[in-house]
Amino acid sequence: MTSWLYISPLMLVLIPFFVLPILVVLVASVFETDGFGGLIPTFTLANYGTVLTSGLTYNLYFETVKFTILTWFFTLLLGFFVAYFLVFHVRNPLLAIGLFLICTVPFWTSNIIRMISWIPLLGKEGLINSALLHLGLIREPLEFLLYSGFAVVVAYVHQLTIFMIVPIFNSMARIDKRVVEAAIDAGASRFDIMRLIIVPLSKSGIALGSIFVASIVMGDFFVTKVMSGGGSASVVGAFYEDISVLQYPGAAASAVILTVVLLVMVSLILRTVDIRKEITQ
Amino acid sequence: MTAKHNGKTGKSGKGIDRRSFLKAGAAVAGAAVGTDAITGFPTIWAQEIKDIELRHVGVSYSVVKAIGDQAAKDLGFKVTMQNLDTSAAINRFITQPNSVDIADLEGWQAKLAAKRGVIQGIEARKIKEFDNFLPIFTKGELDGHKIPRQGISPYEALYIAKPDATELHDGVTEWLTNVPQVYNADSIGYRPDLVGHTVTEWKDLIDPKFKGKAAILDVPAIGIMDAALCFESAGLIKYGNKGNMTKKEIDFTCDKLIELKKSGQFRATWTTFDQSVQLMAAGEVVIQSMWSPAVAAVRVKQIPCVYAPVNFKDGKEGYRGWCNGMGLMKHLSGKKLDAAYEYMNWYMSGWQGAFVSRYGYYSPVPSTAKKFMTPAEYTFWYEGKPAPEPVTDPYGVPMEVAGTVRDGGSFVERVTNISCWNTLMDESAYMNKRWNDFKVA
């Protein structure tokens, strides 16, 4: 009885704002459409059939997964070493917290502003190209800098690195410094310490950060749309466009499939680490 | 004091008279401060209507806050303008019709809204200026020239047979789906200094000369029509109806777009007004499909930019036209419905027409808009003659120097060269899928 009481606040949030909407989407995905935004209540798997047999779906997933993996890799690289520096190289804990807070400063502005501010920097007549031209390093402006996959990854990495820093910082901060000292006394190299102590003990943070980054990139369409200059597309962007022509069932089926893909992905990440144990230890 | 006094006298004649006298006086004063063309509510209604709020919902280039503010000032009730993109707007009209009072509809949206039964018929005879509407809208013609009906022309989307009809009616009736309020003819914007010749044909957009320096609109429903105009112009295909392509025509168009993309023709695609301005102003592209005020916005930055006149030539070319109108949501009734009619009549009375004309769009009733424009403005925007004095935008920012002629010429010349209208094709689901193939290629 008391346990039910304990979880009731969570349920009060989850049921109306998560379970019910998902159910609505699930139901819509098996309906038919009259082509004018009307839903015909039936049970059909045709919407799933259409999505799953379309080459477009696989191309979209390929693009989206590509951006996800690239973003994950670079945010992990940056996030891990920023956290490592803060925890193990900054001696003064107050200073470490201060620097940690400074990491969040760029996130006081909106995601969109942070993304758009890259455009004047990366454009044909942007700061980077003009600087390189003036220095005589290039003759023609580099076009791959903007409206390209490169630009998309830059924007994502800028937006999402903090989601890696925070959980990794958190798990590293709980590593007992004496373990590291003991390893040094026993003659371990820096690399060994990293490989055998720090990485394994930061695993939960890395896993959490990866879940954040992967699910955000997979579920986003706006950054891809703007930074690729419409030159690329994403899974969510495609079904958003279905909604714009009132093709609700097809869009719902795509959404359900994406949810399943994400669930599988998250559960795979969770298999590598026992989050519950790591958090409660 | 007054309230106390009224409370004491209750329903006695004196209190009521005194109060309504004060309110009526205030309303008259308000009207006098505002514009003179607005008559409308009997002043006795003034206090009843001041609690009314009309929510006018639609895209940002059509539902403009400054216009709503002026309407509220002139009419004495509250007007809230809410902006959504085209897709979010139609979804809201259909799925949450009660959260909207006035729906700002394009022709194809009017057709869908009627079909879904979320709007009510508008009585033509209650629209005061209806007889002064340009016949483009009411009869589908202008100066004896039949306006093409590829896509959904405003005329085609205007009438329904009965107030609650769900199908559009071909031919004039007493009932309207919407009251047209703003429209224009779209074409290509280009940098004359970098393109090097005068552009009058859509095919220049896909000319390999501009490889990596061209852009196209990425709103599938209308982007595909711009592409179709290009391919038709280049003589690659002849469409039965660019506004309602067959699957085969869609395939041809999208395959061709993919081919162009792979050869590096497009620097980018754009979805919003600002993006198109930015692409052109930052030197990313030299030619792209564009909207009229975006061209003006580039020119304001002292960067030369021309809006290509794409007059008909050998049965090809022509502008892509669009028109937004106001639809009444079904739930409106009583005083709120009366207020909505007053609001629409206010729109047609000239202030709004003059406002939108100043950034290059047109009013369906130019005769009233003219009253609110300076002769110089009307000469420039509608008559297509050299501006006798500098022209400013609706907010007073200088736009054009004296002597400039509007790109494309006069109103009649531009509008009679419209070859197709924004639409939603029967095969829109298929078209969207193929458009995404283009995006992801």
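This is a predicted model: local features need pLDDT of at least 70, side-chain atom pairs count only at pLDDT 80 or more; totals for chains, interfaces and linings use all residues.
Chain B contains 18 helices and 18 strands. Of the 441 residues in chain B, 52% are buried. Among the contacts in chain B with a separation of 6 or more, 69% link residues 24 or more positions apart.

Two instances of strand pairing in chain B, one parallel and one antiparallel, were examined. In the parallel case, strand β11 of chain B (residues 214–217) is joined to β12(B) by four bridges. Within this pairing, I216(B) has T269(B) of β12(B) as its bridge partner. Strand β12 of chain B, which spans residues 266–270, is mostly covered, with five of its five residues buried.

The antiparallel case belongs to an open sheet of three strands in chain B, arranged in the order β5-β9-β8. The edges of this sheet are formed by β5 (122–123) and β8 (159–160) of chain B, each of which pairs on one side only. Two bridges connect β8(B) to strand β9 of chain B (residues 175–176) in the antiparallel sense. Across this pairing, Y159(B) lies opposite L176(B) in β9(B). Strands of a sheet pair through backbone hydrogen bonds, in either a parallel or an antiparallel arrangement.

In chain A, helix α2 (residues 46–53) packs against helix α14 (residues 248–271), their axes coming within 9 Å and crossing at roughly 65 degrees. The helices α2(A) and α14(A) are therefore roughly perpendicular to each other, and their crossing is right-handed. On the α2(A) side, the contact involves N47(A), Y48(A), T50(A) and V51(A); these residues meet P249(A), G250(A), A253(A), S254(A) and I257(A) of α14(A). The residues of this contact comprise five nonpolar and four polar residues, with no charged residue.

The contact between the two chains involves 25 residues of chain A and 26 residues of chain B. On the side of chain A that touches chain B, helices α3 (55–89) and α13 (235–244) each supply at least two residues. The most is given by α13(A), which provides five residues. By class, this side of chain A has eight nonpolar, 11 polar and six charged residues.

Conventions:
Residues are numbered from 1 along each chain as its sequence is written. Chains are lettered from A and ligands numbered from 1 in the order in which they are written. Axes are lines fitted to C-alpha atoms, for helices over the stretch in contact, and angles run from 0 to 180 degrees between N-to-C directions. Angles under 35 degrees count as roughly parallel, over 145 as roughly antiparallel, 65 to 115 as roughly perpendicular and the rest as oblique. A crossing is left-handed if the near helix is turned anticlockwise from the far one by less than a right angle, and right-handed if clockwise. Two residues are in contact if their C-beta atoms, placed from the backbone, lie within 7 Å. Ala, Val, Leu, Ile, Met, Phe, Trp, Tyr, Cys and Pro count as nonpolar, Asp, Glu, Lys and Arg as charged, and the others, Gly among them, as polar. A residue is buried if 20 or more other C-beta atoms lie within 10 Å of its own, exposed if 12 or fewer, and partly exposed in between; C-beta atoms are placed from the backbone. Two strands pair if DSSP finds at least two bridges between them.
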